[in-house]
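Biologist: I am new to this structure and would like a close look at a single part of it. Please begin with the surface, and then go on to the other places worth a note.

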Amino acid sequence: NQENCFFLSDCYMAEKSEFCYECINIEKCSHCAWAYDCSDCVNVYFSSDCRGCTDCFGCVGMRSKQYYYFNENIGKEEYEKRVKKIKWSRNFLKETKENFFKLRANVPVKFYHGANVQNSSGDYMQRAERARYVFNCRDNKDTAYMQDAWRQIEDCMDCTEIIIGQLSYEVQGVDTPHRSAFIRSGFNTITDSFYCDMCFGISDCFGCFGLKKNQYCILNKQYSKEEYAKLKEKIIKHMRQTEEWGEYFPASVSPFAYNESMAQDYFPLTKEQALKDGYTWCDRLARDYTTTLSTKDLPETFEEVGVNISEEIIQCSTQNSAKGIEKYPLCTTAFKITPLELSLYKILNLPIPEKCFPCRRQDRFALRNPRKLWHRKCMCSKKHTHHDGPCRVEFETTYSPDRKEIVYCEKCYQQEVY
């Protein structure tokens, strides 16, 4: 989702932002790179959980700060001096990322990402009320087991990628479902419909495919209102007997293999596991690109980039080792830089990437927490207004117990950063 954004590349979940690169979960940010969970920031690099910051580098958990370098206030003159000296090379980026992640591991984090959440569980939530097990959702009320559900969602369950919905169940990829269930990839408003796929603006339809603005249809056949109600009841009765009613479309009819879908991003499986569980698998097609620029010959900085770089077929660096080939199964093995991409790298003075887009995307998704919850206790042992000694608050979090982060409850986190 890149809503109301301008000139972004390699970003995920950005809103009202411009001139940003490799950022995740940002809002109202400008000229930022490698910024995670930040909002209202300008000229912020290699930073996370920052709000209202300007000219900050390598910072974590900052609020309304300027001229901070790895969480240290060094003043305008020293900050500008250090930034001016930076040689934005590929090696510099690698070293800086390592230092940034070391710092981030030592700064307390809130047990979930988001704000304005009441009586809810999940992660990456905004304005959620009585929402259970919801991930990457906003404006949810009385929902459960939701992901990527936005704007105005009420009384829904087991839905993915919906925008405005009410009283719906087992819906995927429908912008506005109402009182509907078992719908896939529907567009416009889908009302009082069941087991439909690729339909537009339908109501009172059952088992239909590809219809547009139809009503009272079963298996794409038109019926009167009375005929529809009678036949629908008969079909549902039969489906109850065969135990098909209430179940989503089986994986066997999916147009995509498991490793081609978003499921592999959030719940990765090996080929053997996927086939055992009844899913299909797509073996990567052989690539026979003739590369014109190898990884070892890539320019280290933008200043070294040649005028014909957009014409080059660049080797993806993951192909230089057996480990990389195994780790990145969707790698295209080679890629090109578009003129528009190049102009952003020039504005931000960044070196061109060494990995193809699918590999960069895989790295980006690895930085987000999994869509799974663990029961944990707040790790705060400082003296705060609501506790003496170790905090006793417990919660459900996407930070697994074996991770390095210091995970706090919301009250302890607030007292730490404000």
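Modeller: A residue counts as buried under 20% relative accessible area, as exposed over 50%, and as partly exposed in between. The model is a predicted one. Tyr133 has a relative accessible area of 33%, so this residue is partly exposed. Tyr133 belongs to strand β13, which covers residues 122-154. Together with Tyr145 and Met157, Tyr133 makes up a nonpolar patch on the surface. The accessible area of Tyr133, Tyr145 and Met157 together is about 250 Å².

Next come the cysteines. Across the whole structure, the number of disulfides found is zero. For Cys50, the closest cysteine sulfur is that of Cys53, and because the two sulfurs are 4.5 Å apart, they are too far from each other for a bond. The cut-off for a disulfide is a pair of cysteine sulfur atoms within 2.5 Å. Cys53, likewise, is in no disulfide, and the sulfur nearest to its own is that of Cys50. Cys50 has 0% relative accessibility, so it counts as buried. Cys53 is also buried, with a relative accessible area of 0%.

Phe46 sits in strand β7, residues 42-48, and its phi is near 45 degrees, a positive value in a residue other than glycine. Phe46 is buried, at a relative accessible area of 0%. Glu243 has a positive phi too, near 60 degrees, and is again a residue other than glycine. Glu243 is placed in the loop between α3 and α4. With a relative accessible area of 67%, Glu243 is exposed.

The loop between α3 (225-241) and α4 (263-266) also holds Pro255. Pro255 has a relative accessible area of 55%, so Pro255 is exposed. Thr280 is 25 residues from Pro255 along the chain, and the C-alpha atoms of these two residues are separated by 9.6 Å.

A further loop runs between β25 (374-377) and β26 (394-397), and His384 is located there. Leaving aside residues up to four places away in sequence, His384 touches Cys412, Gln415 and Glu416.

Key:
Residues numbered from 1 in each chain as written. Predicted model: local features only at pLDDT ≥ 70, side-chain atom pairs only at ≥ 80, totals over all residues. Heavy atoms only, no water. Helix = DSSP H or I, 4+ residues; strand = E, 2+ residues; numbered from the N terminus. Contact = heavy atoms within 4.5 Å. Buried < 20%, exposed > 50% of the residue type's maximum accessible area, 1.4 Å probe, protein only. Patch = residues over 30% accessible without salt bridge, like charges linked within 9 Å, V, L, I, M, F, W, Y side chains within 5 Å. Areas by Shrake-Rupley, 256 points an atom, 1.4 Å probe, with all protein chains shown as cover. Salt bridge = Lys/Arg side-chain N within 4 Å of Asp/Glu carboxyl O.
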